[in-house]
Amino acid sequence: QVQLEESGGGLVQAGGSLRLSCAASGRTFSSYAMAWFRQAPGKEREFVAAIGKSGASTYYTDPVKGRFTISRDNAKNTLYLQMSSLKPEDTAVYYCAAGPFALAVDSVKYIYWGQGTQVTVSS
C-alpha cells in the first residue's frame, strides 16, 4: 500500500510559479506510475500530467504543455509538479495519484490518491 501526501499549494498571482510535491510512504514508490489530477469548483476531476515509473516518460494535457513539468525522485519517494506561467483557470485542488499503468489519463487507472492541495491563481 502507498500513502500519498501533497504539499506546496497556495495563492499566487497570474504569471507566477509554484512547485507541488507529493511524498509517498513505503518502499514501492518506484513500482508505480504517477500522475497529477486537478478539480476546480463545480467541475469534474481532470488529468494534468503523468510520469512513468523511472521518470523517463511523461505526458501532459494540452492546456498545461510548456508551462508545467512533472518529475519524480525515486530515491526520495517524491513526485513533483513545477507550474509556471500560471493562469486563473489553473485554480483547483491538485491531487497526486499512483497506479500500475504508465501514462494513463483515466483516473480509474490509479489506485492510490492523496488528499489534495489547493492552488489559487488570482488575476
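A charge is taken to sit over a ring if NZ of Lys or CZ of Arg is within 6 Å of the ring centre and within 35 degrees of the ring normal. The model is predicted, and local features need pLDDT of at least 70, side-chain atom pairs count only at pLDDT 80 or more, while totals for chains, interfaces and linings use all residues. Residues are numbered from 1 along each chain as its sequence is written, and side-chain values use heavy atoms, with hydrogens and water left out.

Arg45 meets the charge-over-ring rule at two rings, as tabulated here.

| Charge | Ring | Distance to ring centre |
|---|---|---|
| Arg45 | Tyr95 | 3.9 Å |
| Arg45 | Trp113 | 4.7 Å |

Trp113 also belongs to one aromatic cluster, together with Phe37, Phe47, Tyr59 and Tyr110. Rings of Phe, Tyr and Trp (its six-membered ring) pair if their centres lie within 6.5 Å, with planes under 30 degrees apart counted as stacked, over 60 as edge-to-face and the rest as tilted; by this rule there are six aromatic pairs. The ring centres of Tyr110 and Trp113 are 6.4 Å apart and their planes stand at 75°, so this pair is edge-to-face. Buried means under 20% relative accessible area, exposed over 50% and partly exposed in between (1.4 Å probe, protein chains only); Tyr110, at 5% relative accessibility, therefore counts as buried, whereas Trp113, at 25%, counts as partly exposed.

Strands (E, at least two residues) are DSSP runs, numbered from the N terminus, and two of them pair if DSSP finds at least two bridges between them. Strand β1 (residues 4-7) pairs with strand β3 (residues 18-24) in the antiparallel sense over four bridges, and Leu4 has Ala24 of β3 as its bridge partner.
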